[in-house]
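Here's a quick tour of some surface patches and a bit of strand pairing. Have a look at the model, then read on.

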Amino acid sequence: MNQALHAKLGRRESQIMDIVYREGEATAEAVREALPAPKPSNSSVRSMLRLLEDKGHLAHRREGRRFIYRPSVPAKRARRSALTHLVDTFFGGSTQTAVATLLSMRAAKLSEADLAELSDLIEQAKRKELK
């Protein structure tokens, strides 16, 4: 998934993608049940799933009469794409500013183990930068 595709998801499409990523795979019925109210019709959900498949976000397999949808892009790659889009859009491409903002929002919620892991990641990034 590229950034342009990610940026073009509507609210319901994003909700559907969240559900499918969370579940790993889902039928149209399962997606509809997990959507917040007001719930769209069954045919609307099926149409949105087909559209997401046409856009390259979903793939499906057939199980009897049901289609079971799964993300076509691994979650790790989708997260990277979404974060890249977010950093470019709201932080002018500055990873440092984005990380500083996240830390200022979540600092009170980080455990010593979280902080140690973040410190290790920063050290790894420094070593990669020196190579």
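L121 counts as partly exposed because its relative accessibility is 45%, and the cut-off for exposed is over 50%. Keep in mind that this is a predicted model. You'll find L121 in helix α7.

Two elements, α6 (95-106) and α7 (112-130), each give two or more residues to the nonpolar patch. Helix α7 has the largest share, with 3 residues.

## The positive patch

Now for some charge. Which residues form the positive surface patch? They are K76, R79, R80 and K128. Helix α5, covering residues 75-90, supplies the largest share of the positive patch, namely 3 residues.

K76 is a handy one to look at, sitting in helix α5. At 55% relative accessibility K76 counts as exposed, because the label applies over 50%.

On to the strands. β1 (residues 58-63) and β2 (residues 66-71) run antiparallel, with 6 bridges joining them. If you want a pair to pick out, L58 stands opposite P71 in β2.

How many residues lie between β1 and β2 in the hairpin? There are 2. G64 is in that turn, and its phi is positive, at about 65°.

Key: Residues numbered from 1 in each chain as written. Predicted model: local features only at pLDDT ≥ 70, side-chain atom pairs only at ≥ 80, totals over all residues. Heavy atoms only, no water. Patch = residues over 30% accessible without salt bridge, like charges linked within 9 Å, V, L, I, M, F, W, Y side chains within 5 Å. Areas by Shrake-Rupley, 256 points an atom, 1.4 Å probe, with all protein chains shown as cover. Salt bridge = Lys/Arg side-chain N within 4 Å of Asp/Glu carboxyl O. Lys, Arg positive; Asp, Glu negative; His and termini not counted. Charge placed at Lys NZ, Arg CZ, Asp CG, Glu CD. Helix = DSSP H or I, 4+ residues; strand = E, 2+ residues; numbered from the N terminus. Buried < 20%, exposed > 50% of the residue type's maximum accessible area, 1.4 Å probe, protein only. Pairing = 2+ DSSP bridges.
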